[in-house]
Amino acid sequence: MSESEILRRRFSPERLEPYLGAADGDLDVALDLYAWNADLSADLSTTIGHVEVLLRNAIHQNLTEWSEERFGEPKWFLDPGHRLQPRAVQDIAAARRRATRSGRPETPGRVVAELSFGFWRFLLANHYDGTLWRETLYRAFPGQARRRPIHDAAAVLHLCRNRLAHHEPVFNRPVDGIHASAVALADWICPVSRGWIERHSRAPDATYWRSRRNGVSGQERQTKIR
């Protein structure tokens, strides 16, 4: 049995199906595409990871200052103003439990680190438009006055991050648009941080797949994308 056939069995035919479809049934090309998809996923994951940290810290800092000024309590996640939706309250309770496992003392930073990307995304959703957004969160995004574009960009990154976490294909997704959403969101928060993220993240490069379909070898492909 050839290496390619062994890999088809080990990775599973179902997992390789979208790659085989894109490769017109050529298993060797599909496996090459599978490997390139992993590189592409790593690039996107790095960029999204940087932006996620930037986003959560911007919101955390904003809510901390607002909560202390408004309610005399800097720990906004205790919801002193009763602004949070029930699901958010549940997410915070779970995050606080995780933050204090093994007897560690609770700190705001540990709680924030345990909250998922989805938590921060939904703080920007429509149901907070008349409360948290108008009261304070808009200040966390000096580069964008409207909530909807911010939420939409966060949603794009959240969905892509979930695909990456489950090792799903991204070669057939609008990766240029995903990267652009990440850069835009970072810029709306802090142009200096956006510049650093751009310098330390690799933008998606579709050169490989166009080249591979035109018969460029794997070694030439590595030269092109590295």
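These exercises, each with a worked solution, concern a predicted model.

**Exercise 1. Overall make-up**

Task: State how many helices and strands the protein has, and give the order of its elements.

Solution. 
- Step 1. Count the elements. There are twelve helices and zero strands.
- Step 2. The order is α-α-α-α-α-α-α-α-α-α-α-α.
- Step 3. Turn to burial. Of the 226 residues in the protein, 44% are buried.
- Step 4. Check the range of contacts. Take contacts between residues at least 6 apart in sequence: 64% of them join residues at least 24 apart.
- Step 5. The accessible surface is about 12200 Å², and carbon and sulfur atoms account for 49% of it.

**Exercise 2. Helix α3 and its ends**

Task: Compare the span of helix α3 with the expected span, then describe what caps its N-terminal end and what follows the helix.

Solution. 
- Step 1. Locate the helix. α3 covers residues 27-71, which makes 45 residues.
- Step 2. Take the span. From the first C-alpha to the last, α3 reaches 62 Å.
- Step 3. Compare. At 1.5 Å a residue, 66 Å is expected, and the span of α3 is close to that.
- Step 4. Look at the N-terminal end. Aspartate 26 is the cap. One of its side-chain oxygens lies 3.0 Å from the backbone nitrogen of aspartate 28.
- Step 5. Look past the helix. Glycine 72 follows α3, and its phi is positive, near 70 degrees.

**Exercise 3. Leucine 27**

Task: Is leucine 27 buried or exposed, and which residues does it contact beyond its sequence neighbours?

Solution. 
- Step 1. Leucine 27 belongs to helix α3.
- Step 2. Apply the cut-off. Buried means under 20% relative accessible area. Leucine 27 has 10%, so it is buried.
- Step 3. List the contacts, leaving aside neighbours within four places in sequence. They are Ser4, Glu5, Arg8, Leu16 and Leu20.

**Exercise 4. The largest nonpolar core**

Task: Which residues have the most contacts inside the largest nonpolar core, and which element gives the largest share of it?

Solution. 
- Step 1. Size the core. It has 59 residues.
- Step 2. Name the residues with the most contacts inside it. These are Leu55, Ile59, Trp120, Leu123, Leu124, Phe141 and Leu185.
- Step 3. Find the elements that give two or more residues. They are α2 (13-22), α3, α4 (86-99), α5, α6 (117-123), α7 (129-135), α8 (147-165) and α9 (175-189).
- Step 4. Pick out the largest share. It comes from α3, with 17 residues.
- Step 5. Zoom in on leucine 123. Not counting residues up to four places away in sequence, it touches Ile59, Leu63, Leu84, Tyr128, Leu132 and Leu137.

**Exercise 5. Aromatic pairs**

Task: Describe the geometry of the pairs tryptophan 76 with phenylalanine 77 and phenylalanine 119 with tryptophan 120.

Solution. 
- Step 1. Get the total. The structure holds nine aromatic pairs.
- Step 2. Take tryptophan 76 and phenylalanine 77. Their centres are 5.8 Å apart, with 80 degrees between the planes. The pair is edge-to-face. Both residues are buried.
- Step 3. Take phenylalanine 119 and tryptophan 120. Here the values are 5.0 Å centre to centre and 90 degrees between the planes, again edge-to-face.
- Step 4. Check burial. Phenylalanine 119 counts as buried because its relative accessibility is 4%. Tryptophan 120 counts as buried because its value is 0%.
- Step 5. Look for a cluster. Ring pairs link Phe11, Tyr19, Tyr34 and Phe171.

**Exercise 6. Glutamate 114**

Task: Which side chain makes a polar contact with that of glutamate 114?

Solution. 
- Step 1. Glutamate 114 lies in helix α5 (residues 108-114).
- Step 2. List its contacts, leaving aside neighbours within four places in sequence. They are Ala95, Arg98, Ala99, Arg101 and Arg104.
- Step 3. Pick the polar partner. The side chain of arginine 101 joins that of glutamate 114 in a polar contact of 3.3 Å.

How values were computed. Residues numbered from 1 in each chain as written. Heavy atoms only, no water. Helix = DSSP H or I, 4+ residues; strand = E, 2+ residues; numbered from the N terminus. Buried < 20%, exposed > 50% of the residue type's maximum accessible area, 1.4 Å probe, protein only. Contact = heavy atoms within 4.5 Å. Areas by Shrake-Rupley, 256 points an atom, 1.4 Å probe, with all protein chains shown as cover. Polar contact = N/O pair within 3.5 Å; in protein donor to acceptor, adjacent residues only side chain to side chain. Expected span 1.5 Å × (residues − 1). Core = buried A, V, L, I, M, F, W, Y, C linked by side-chain atoms within 4.5 Å. Phe/Tyr/Trp six-rings, centres within 6.5 Å; stacked < 30°, edge-to-face > 60°.
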